[in-house]
Amino acid sequence: MNIYDKLTDPLAFSIFLLTLFLPVFVGLFTLRRMRSQSDFFIGGRAMDRFVVALSAVSSGRSSWLVLGVSGMAFTRGAGAVWAVVGYITAEMFQFIYIGRKLRRETEAFGSLTLLDYFESRFQDRRQLIRITGAVIIAIFITAYVAAQFVGGAKALSTALDIPVLLALAASGVLVLVYMVLGGYIAVAYNDVIRAVILIVGLVIFPVYGLIRIGGFPALLHTLSRLDPALIDPFSLSVGVILGFLGIGLGSPGQPHIVVRYMSIDDPDKLRFAAVIGTFWNVVISWGAVFIGLMGRALIPDVESLPAADPEVIYLVLSSEFFGPALYGLIIGGIFAAILSTADSQLLVVASTFVCDIYEKIIKKGAAIPEDRRLRLSRVVVVLSGILALVMAYLAQDLIFWLVLFAWGGLGAAFGTTLIFALYWKRTTIAGVLAGMITGTLVIIFWKLYLSQPTEIYELIPGFICASLAVVIGSLVSRKP
Amino acid sequence: MFSAFFVLLVLPLVIILVSLLLYRLSGRNRGG
């Protein structure tokens with residue numbers, strides 16, 4: 001059974017294609033707003049609060065939400081909720097506290113990237129933080145983008161029955177065209193459009209499904225008859241629940257999420273953006289959980305799913321429930337989720353190469369005319385995209401190995417150091433370096449050797465060790 | 001049954017309410 005069979009319907013196919021090509025038109029419309037490198041990488045610090053709110057949430061949620069969380073709810077039942085509570089709560093505080101302070105300070109310093117901020121904040125003339133941070137970003141986020149491309153291309157290849165290489169090239173070209181045209185502004189507006197597309201997949205879909213099942217009590221009864229543990233959110237072990245909640249510790253360290261706060265037109269508007277962002281995060285995350293639960297109630301046996309894979313429950317149900325128009329939109333929703341993460345991350349990679357490595361490290365901050373900086377940024381976006389696509393095609397094992405550590409590694413390395421940089425005046429360069437390096441190494445070591453025997457999610461020890469490293473490193477070094 | 005009802009229907013509302021509360025409490029030019 002091909003889970004994308006219904007795409008052969010011309011209406012479903014046309015709507016699906018429309019969702020893929022719409023971002024290119026957005027790129028064209030935002031082209032005239034690209035006048036400087038600041039416009040290209042952070043929307044000239046002039047973005048609307050709704051756009052920032054939806055973009056910050058969409059960029060953080062990849063296909064992991066649509067396919068992964070629904071699959072988790074299918075397998076584990078109501079306990080899957082813990083996997084979404086952590087990051088929603090973390091991001092709510094991030095908007096209001098970390099985001100607002102970061103937005104103010106980055107404007108004061110004129111910083112375009114997170115590493116720009118660290119360097120200015122600590123007056124790091126030897127550029128040690130920038131170099132260390134750039135290495136971590138270049139490795140983890142490039143692998144992250146490549147992994148998104150692989151996931152998207154594999155799904156596209158199955159959906160349209162085309163070779164993976166062609167699907168990879170097509171998704172790469174689609175993303176790069178609008179990114180080159182409209183930079184950050186195109187990426188952020190596309191996140192908003194994709195949020196609208198996801199309303200069908202993660203709001204209308206679960207509500208309709210619930211009605212079809214006979215309502216919420218009927219859903220719980222069916223699940224409890226299958227296995228009472230499915231409706232007991234506390235049936236999971238404490239370690240698993242803590243690990244799920246710990247996913248949220250990764251959010252403040254994702255440069256592609258944090259950069260969104262830097263782009264808003266007024267820092268105080270991040271307070272309202274927090275409400276919109278949290279509302280949206282709650283709606284789509286609970287939507288994914290409900291889809292998994294409904295899937296289990298309707299198709300209790302995982303063996304009857306294609307390849308016995310619980311993560312295809314979203315696709316199977318959507319094919320069963322909907323006519324061609326909505327189905328086309330729902331499948332478009334998956335790619336929307338994948339691409340909204342990939343493009344945001346790609347922009348971070350490009351800004352690291354252009355602003356951090358080329359302009360600040362190689363050229364040592366020499367004055368470069370604004371039009372040249374903009375041109376260079378566009379060229380580097382294309383080159384970074386090609387790098388990610390080549391990695392996606394040639395080095396899939398390496399990518400998936402690196403991505404295992406990406407969310408946790410970035411969270412431990414940048415999340416801890418950013419919080420200390422913003423809120424603890426005593427933080428020093430040595431402390432930040434110790435935090436970044438310790439965080440990355442602990443995540444890798446724990447994931448490889450300790451996460452299975454201890455059943456503790458690596459980000460929890462990673463975050464704690466990185467925080468301790470920042471404190472100790474700062475206290476043993478000279479007061480700033 | 002009650003705990004499922006709580007985490008699936010009440011908890012999301014609680015989180016949204018907390019975000020509204022934070023909005024009120026944080027105030028302009030404070031907090032950040």
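Helices (H or I, at least four residues) and strands (E, at least two) are taken here as DSSP runs, numbered from the N terminus. The model is a predicted one, in which local features need pLDDT of at least 70 and side-chain atom pairs count only at pLDDT 80 or more, while totals for chains, interfaces and linings use all residues. Residues are numbered from 1 along each chain as its sequence is written, and chains are lettered from A in the order in which they are written.

Chain A holds 18 helices and zero strands. Its C-alpha atoms fill a box of roughly 65 × 50 × 45 Å along the principal axes.

Just after helix 8 of chain A, G214(A) adopts a positive phi of about 110°.

Turning to the partner chain, the contact (C-beta atoms, placed from the backbone, within 7 Å) takes 26 residues from chain A and 19 residues from chain B. On the chain A side, helix 5 (82–109), helix 9 (216–226) and helix 12 (269–298) each supply at least two residues.

Helix 12 of chain A packs against helix 1 (residues 2–26) of chain B at an angle of about 175°, with axes 9 Å apart; axes are lines fitted to C-alpha atoms over the stretch in contact, and angles run from 0 to 180 degrees between N-to-C directions. The two helices are therefore roughly antiparallel to each other, a label for angles over 145 degrees. Among the residues making this contact are F272(A), F279(A) and W286(A) of helix 12 of chain A, and I15(B), L20(B) and Y23(B) of helix 1 of chain B.

Definitions and conventions:
Contact = placed C-beta atoms within 7 Å. Parallel < 35°, antiparallel > 145°, perpendicular 65-115°, else oblique.
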